[in-house]
Each structure stands twice: as structure tokens, then as C-alpha cells.
Amino acid sequence: MAVNRPKVRLQIDALALHGVSPQHSDAIALAVREHLSELMLSEGVPSVLKQGGQIAALDDATLTATASTDSVSMGEDIARAIYRSLQR
């Protein structure tokens, strides 16, 4: 039996990463995209996205990273913060 999943197109126009080296931004963006997709598949699409329309902005989220935080971990943390904001 096929599962009927809603189709969602999520576009993030800007993601401010203060203090992050520009050489890491592509890897972080990829990790955000992949982990956010995983969260929506495993946890479900937040109702605000099922309703359609646009969200102008999400609440600011402050994440603390250390010099040893890798790009993938940082991207996953950002994805979780975005997902939590969408659930409010």
C-alpha cells in the first residue's frame, strides 16, 4: 500500500551564519537541506506547510558551535532548529 505524502517545496532565501567561514557554507547548506528532508519524512510535515502559502520569516534561533563543530553537525543542528520553528 502506497503512502500518500504531501508534496512540499521549501525555499530558504537567506540563512545568516555569523562567524562561519564561507568555505563551509555549501556543506552546511547541503546538510540543512538533507536533514530537514529526513525530519519531514520521519516526523511528518508541519501543519503550517500542509496548509500552503508562504512564511515570511521564522523566529531567530541561536546555535552555539565550537571550532571543532563540523559542517554536517552544524547543518543538522540548523535543520532541527528550523523544523522546531515550523512546528510552533
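Analyst: Buried means under 20% relative accessible area, exposed over 50%, and partly exposed in between, with a 1.4 Å probe and protein chains only. This is a predicted model, in which local features need pLDDT of at least 70 and side-chain atom pairs count only at pLDDT 80 or more, while totals for chains, interfaces and linings use all residues. Residues are numbered from 1 along each chain as its sequence is written, and side-chain values use heavy atoms, with hydrogens and water left out.

User: Which pattern does the protein chain follow when read along the sequence?
Analyst: Helices (H or I, at least four residues) and strands (E, at least two) are taken as DSSP runs and numbered from the N terminus. On that basis the secondary structure of the protein chain comes to three helices and zero strands. Read along the sequence, the chain therefore follows the pattern α-α-α.

User: What percentage of the residues of the protein chain count as buried?
Analyst: The protein chain has 88 residues in total. Of these residues, the share that counts as buried is 23%.

User: Why are Asp77 and Arg80 separated by about one helical turn?
Analyst: Both residues belong to helix α3, which covers residues 71-87. Asp77 and Arg80 are separated by about one helical turn because their spacing within this helix is three residues.

User: Where does Val8 lie?
Analyst: Val8 is partly exposed, and its relative accessible area is 32%. Helix α1 covers residues 25-43, and Val8 lies in the segment before α1.

User: What distance separates the C-alpha atoms of Ala27 and Met74?
Analyst: Ala27 lies in helix α1 and is partly exposed, with a relative accessible area of 36%. Met74 stands 47 residues from Ala27 along the chain. In the predicted model, the distance that separates the C-alpha atoms of Ala27 and Met74 is 9.5 Å.
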